[in-house]
Each structure stands twice: as structure tokens, then as C-alpha cells.
Amino acid sequence: MSGFSPVIRHRLFLLAAFLILSLLPFPSFAETSRDYSPYAPEIDRWPERQPVSAEDIARAPHYSDFIDFVSPWLTDIELAKMREFQAALKDGDITYSGDSIVNPSTVNSQDVAVFTLNPEDFCGESYYVFLPDSQSLSDTQLVALAAAFEDLGIDFDPDSLNDRNCCRHCNVLETRWLTDEENDRMEEIRAKIRRGQLKKEDIPSDTQVLTAEKRTLRTWGLDSKTFLFYPYRRMTDDELALFALMDEGIWDIDPDELQAAALKDTGELINLPGNVRKYNPCTNRELMQLDGDTYLPRSSAVYKYTSQFYFEGYDGFYQRTHCNMDIVQLQETGSVPETAGIHLWYGYYSDFTDNDFPESHEAEWLAAVQDWAGQTLRLPGEVLQSGWTVAERLDDYGSQLIQVRLITEELEIYVWVYQNSCKISDCLIYNRKWYDDSFKGFYI
């Protein structure tokens with residue numbers, strides 16, 4: 001797959017802060033003297049504190065506070081206060097009598113907390129700090145932070161916070177990514193857990209991992225998930241298993257049979273090539289996920305199985321695209337799983353840019369979709385050649401996507417096509433038994 005990359009999509013969310021920060025000057029990495037383990041967070045992310053400069057504030061005053069409040073360190077104002085409080089605590093001028101913030105079981109999005117780490121496991125790091133999301137620390141929180149390190153006997157340098165030891169507005173709820181090798185082992189371990197071949201009692205009792213519940217208030221409500229403290233070294237199978245058991249358990253249906261059924265159902269609707277693979281090399285996502293959902297209109301007791309597949313194809317018409325395919329099966333309590341949705345999303349050559357093509361119009365969009373559908377979908381020709389309508393338009397980071405829609409008695413088929421080149425971007429197929437008639441974006 002070298003030479004190919006997926007077209008940048010809005011589905012791959014990047015924090016706006018990262019986009020802004022990419023324009024700011026960063027320190028020279030060569031000046032960083034710390035020994036970075038290959039298992040530690042990447043050195044080019046947040047190797048050390050990078051305050052917002054006066055020039056940046058003058059250039060973008062509305063963004064300066066936002067950038068500071070999502071970066072893994074103290075803001076300039078917090079840093080100055082922190083040093084004052086540290087000195088006052090040492091001199092006995094102030095004391096802290098509040099609740100301890102060391103190693104709490106739960107961290108809310110507005111909390112400050114300190115977790116103690118084994119430096120041998122975390123490449124020399126002896127602590128990990130949580131700071132409030134998108135808001136400044138109060139004086140009380142700063143004193144609590146200073147007092148926590150005093151109680152732990154750690155000579156804390158408030159300048160030392162970075163991506164290896166601090167979380168502030170972190171949407172990735174783990175200290176680092178798993179390596180490819182660890183991901184492979186994790187998948188094997190998860191498969192054993194789902195089949196009942198590996199249980200918690202099978203793990204040696206002296207195996208320990210660190211986790212904490214991270215509660216974040218979001219626009220849709222409270223999001224409560226587990227934050228995973230992955231060591232900055234290669235993890236053992238037993239450690240991976242303990243992390244996997246946080247959200248994995250025995251399934252009442254064989255995962256291989258579930259995926260086979262998903263592919264069989266999809267093959268009856270889509271002309272699948274012969275090189276479908278049960279993994280996604282672009283994202284290293286899990287082969288199979290299981291979630292309990294409550295947002296579907298049919299029932300509040302629905303389980304959702306998502307299988308990911310990958311294939312390359314169709315030379316010629318697609319100019320050697322690669323395609324990622326998600327198949328969703330939904331199961332109500334007491335029933336069998338049914339294929340409810342299919343999502344195909346295509347990647348082209350890494351130098352593909354839709355703006356390099358002359359503008360096309362509605363007749364060409366419809367013709368491109370009908371041509372694609374005739375080659376791809378296994379529906380009667382009279383269905384595929386009529387009924388398509390242009391429904392929506394979306395700005396996709398500078399490129400325009402056009403949604404062309406076909407509704408049959410059983411299915412809603414949404415095809416997103418690039419406005420100029422008329423290349424297919426996505427196809428989403430919804431089983432109307434499971435999905436209502438509301439607008440649908442890029443998710444099944």
C-alpha cells in the first residue's frame with residue numbers, strides 16, 4: 001500500500017487546536033535531552049512546554065486561551081501562580097486541607113489529579129497529571145496540585161508537563177498508542193476472551209495495570225470511559241489481557257461466524273472482489289467491535305457488532321482505489337443478529353485532489369453514480385438506473401462532496417461523489433428496518 005493514502009475525510013476528526021498549533025513555532029527536538037523510549041508518545045507531538053507567544057496572541061487573540069487550555073501543560077498564568085504556591089507551601093505560609101487528588105478512581109473533566117507511576121515502566125516518568133478540560137485551574141486546584149507533590153516527596157518542576165505525563169482535554173484515553181506488534185497480540189487475546197478461552201482468573205495475580213474512569217461532559221451528555229495507562233515499554237500478554245478485559249467479555253455468538261454471516265449478506269448486495277481482508281491497514285482498527293446502543297429508534301436494548309474489512313480494486317474505472325468496508329449487524333435481545341448497514345469508503349492516489357479537475361454538474365454526478373452502482377451493487381438494473389436524486393452538498397476540507405440518494409422498499413443508499421472528478425467517495429447502505437428516515441451522514 002505504499003504510495004496510497006486515504007482521502008482526508010471529515011470523519012477523521014482532528015482537534016482544531018492541533019490545526020492551529022501546527023502553524024506555531026515549535027522547539028528544536030534535537031535540544032531535548034531526555035531518553036525517549038520507542039514505546040513512549042512520539043517525540044514530535046508534545047516534547048516540552050510550548051507557551052503561546054505574544055506574537056501569536058496578537059495575531060489570533062480569540063484562540064490563545066483555547067490553545068492553552070487543551071495543551072498538556074499549565075498556562076502562563078497558572079505556571080506563575082503554581083511557583084508562588086509551591087514556595088508558600090514549603091515556607092509554611094499556606095496549607096492544603098482539602099481532599100487528596102492522588103490516584104483517584106475517577107477523574108471528571110474539570111478535575112485536577114496526580115497518578116503515581118513506576119519509572120521503570122514509564123521511561124523515567126514517576127507521575128501523570130490530569131488538568132481540567134478547556135478551562136483554567138482555580139487557585140485551590142493549583143494549591144492541591146502543589147500539595148500532592150509535596151506529600152509524595154516529588155520535587156515537581158511545573159515546567160515539566162508534556163504529552164508523556166499530562167492529559168488536558170485529551171480525547172485519546174490512553175497514555176500512548178499500541179505498537180503494531182502489540183495490536184496483533186491484543187487481537188489474538190480479544191478473540192480468546194470472546195470465545196471464553198481466556199478469563200481474568202487465568203491471569204497471574206501479581207500482574208498489575210493502572211486504569212482510571214475518565215468522565216467528560218460533552219454536548220450529548222456525560223461520556224464515561226476508562227483511561228488506560230499503557231507502560232512506555234513492550235507490554236506482556238498478561239498485561240494486554242487485563243486491559244482487554246476492561247471492555248471485553250464472552251460473546252454468546254462465535255465472532256468468526258458473525259463475520260462470515262456479515263460477508264455473506266454483503267456479498268448478496270455488493271460485488272465483492274476476491275481480495276477482501278479482515279483488517280484495515282490504514283487505521284489498525286479492531287477486526288470486530290461490540291457495543292450496546294440506545295440511539296436506534298427501534299429499541300433501547302440493541303447490540304451493535306461492527307466488522308472492518310479492506311480490499312483493493314477495481315483497476316481502470318477506479319484507478320486502483322483501495323476501499324475500507326464497515327459492516328454493522330444489529331441484534332435485539334432475544335433475536336439473532338441482522339446486517340443493518342454497510343459503509344464503503346474509498347482512498348485514491350496520495351496526490352489525488354478533486355480541485356485539479358474541471359467542475360462537473362448534476363447530470364455527470366448522476367451518470368457517475370449509476371455507472372458505479374451498475375458495477376458494484378447487485379440490484380436489478382431497472383432499480384439502479386432510475387430513482388437517484390441529488391440530496392445534499394458537503395464541504396470536505398476544500399473539496400465539495402455531493403450526496404446522491406436512492407431509496408427502495410428495503411434500503412436507503414447514499415453515495416457521496418466528488419463534485420469535480422465525479423469519483424466515488426463513500427457509499428452507505430441502510431436497512432430501513434433498522435434505520436429511520438432522518439438525515440444520515442457518514443456513519444452507520
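Trainee: Which strand is joined to β10 by five bridges, and how do the two run?
Mentor: Strand β14 (residues 424-431) is joined to β10 by five bridges, and the two run antiparallel; strands are DSSP runs of E with at least two residues, helices are runs of H or I with at least four, both numbered from the N terminus, and two strands pair if DSSP finds at least two bridges between them. This is a predicted model, in which local features need pLDDT of at least 70, side-chain atom pairs count only at pLDDT 80 or more, and totals for chains, interfaces and linings use all residues. Residues are numbered from 1 along each chain as its sequence is written, and side-chain values use heavy atoms, with hydrogens and water left out.

Trainee: What stands opposite L344 there?
Mentor: C427 in β14 stands opposite L344.

Trainee: And how many residues of β10 are buried?
Mentor: Nine of the 10 residues in β10 (338-347) are buried, where buried means under 20% relative accessible area, exposed over 50% and partly exposed in between, with a 1.4 Å probe and protein chains only.

Trainee: Switching to loops, where is C422, and is it buried or exposed?
Mentor: C422 is found in the loop between β13 (411-418) and β14, and with a relative accessible area of 15% C422 is buried. C422 also has a positive phi of about 65° although it is not a glycine.

Trainee: What about the phi of N103?
Mentor: N103, likewise not a glycine, has a positive phi of about 50°, and because its relative accessibility is 37%, N103 counts as partly exposed.
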